[in-house]
Amino acid sequence: MSSLSRSRLFSLAAVAAAAALLFTGCAGEPSPVTKAIAGAAPVAESKDPVVSGLQPASGSVSGGTVTITGANLEKVASVSIGGQPAAITQATSDKVVVTVPAAQNFAAGAVPVAVTDSAGKPVATDGKTYTYQVVTPVDQQLAYAMAHWNNYNTAQYGDLNPVGGDCANFVSQTLIARGWQMNADWYNHDAAADWSPAWGYVPAMDDYFRENAAKLGLTEYSFDQRDKIKIGDIVMFDWNDNDSLDHVQIVSGVQNVNGKITIQMVGHNEDTNYRDFDHTITVEHPGAVGHFWSLSK
């Protein structure tokens, strides 16, 4: 046999041996080329949601808007920030836009962000957090209110409970924290050693608001116009519907669930941080009337 014939025989034998090993599995892990020859299917790309970013990563304790970026995010079903639901307003494959709820008790600090997909599975966020900050006048007002609704700041403003009630005194304090300034008609000096009726007496406070509404940035709304009301606004109550106001509080929460708006309030007498508005006028004081003062400054 010639050398050429022997070479051809060896080549044919090598090909046959390789084919036998390929289809009997004796060759170990096939190479990528062998897999392609054998018609092996490629590895499927993951379609699970992936979170890669959070923008912005900080904002007001009164709430705001955040955009979560990543991939396959159209499958995201819910988001929570600091343990509170963050309503999804837009969801596409590469981003989810959510409404950030007000911080619990309007407290500054970093809180966890949790994302869940449509199957109820947690989506990894790589430990991302959202940092609440006190940045606006409303933030300052509510941070003060939450710090002092049950811890009276008597050293600075005294306590007017012994002379009729501290509710107006407290509301005035929150407005100072918001940025208002005392004047000749609205003041509390020397820890309530000297205070004006507009500062600490509800009917006089309401008169002062009405007379100076434009300058103070106030708009009056009826109880039926709660859709106009926001955190930091003022609620005036006439418990007995006798044209004499009895009580005042600050709005600490507004929620709109399926078109139903609920309002919570913070204040003194009763000392509460999230008092329910509807419960107050239907159960605690049935038939109570009043109005809101909405602030623009």
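The questions and answers below treat these topics in turn.

This is a predicted model, in which local features need pLDDT of at least 70 and side-chain atom pairs count only at pLDDT 80 or more, while totals for chains, interfaces and linings use all residues. Residues are numbered from 1 along each chain as its sequence is written, and side-chain values use heavy atoms, with hydrogens and water left out.

User: How many salt bridges does a search of the whole structure find?

Analyst: Side chains of opposite charge can pair when their charged atoms come close. A salt bridge is counted here when a side-chain nitrogen of Lys or Arg lies within 4 Å of a carboxyl oxygen of Asp or Glu. Over the whole structure, the number of salt bridges found is five.

User: In which helix do D206 and R210 both lie?

Analyst: D206 and R210 form a salt bridge, with their closest N and O atoms 2.9 Å apart. The two residues are four apart, about one turn of the helix. Helices (H or I, at least four residues) and strands (E, at least two) are DSSP runs numbered from the N terminus. The helix that holds both D206 and R210 is α7, residues 202-211.

User: Is D206 buried or exposed?

Analyst: Buried means under 20% relative accessible area, exposed means over 50%, and partly exposed lies in between (1.4 Å probe, protein chains only). R210, with 38%, is partly exposed. D206 has a relative accessible area of 4%, so D206 is buried.

User: Which parts does the pair of E220 and R210 tie together?

Analyst: E220 forms a salt bridge with R210, the closest N and O atoms being 2.9 Å apart. E220 is partly exposed, at 37% relative accessibility. The pair links parts 10 residues apart in sequence, because R210 lies in helix α7 and E220 in strand β13 (residues 218-222).

User: Which residues do salt bridges that share partners join into one network?

Analyst: The side chains of E284 and R275 meet in a salt bridge at 2.4 Å, N to O. R275 is buried at 5% relative accessibility, whereas E284 is partly exposed at 28%. The network made by shared partners consists of D206, R210 and E220.

User: At roughly what angle do the axes of helix α5 and α7 cross?

Analyst: Residues C167, A168, V171, S172 and L175 in α5 meet V202, M205 and F209 in α7, where contact means heavy atoms within 4.5 Å. Axes are lines fitted to C-alpha atoms, for helices over the stretch in contact, and angles run from 0 to 180 degrees between N-to-C directions. The axes of α5 (residues 167-178) and α7 come within 9 Å, and they cross at roughly 35°.

User: Which element gives the most to the lining of the largest pocket?

Analyst: On a 1 Å grid over the protein atoms alone, a pocket is an open set of points where a 1.4 Å probe fits, with protein on both sides within 12 Å along at least five of seven lines; lining residues have an atom within 4 Å of a point. The largest pocket is lined by 28 residues, and P101, A102, V254, Q255 and N256 lie nearest its centre. Elements giving two or more residues to this lining are β5 (84-85), β7, β15 (247-257) and β16 (260-267). With six residues, the element that gives the most is β15.
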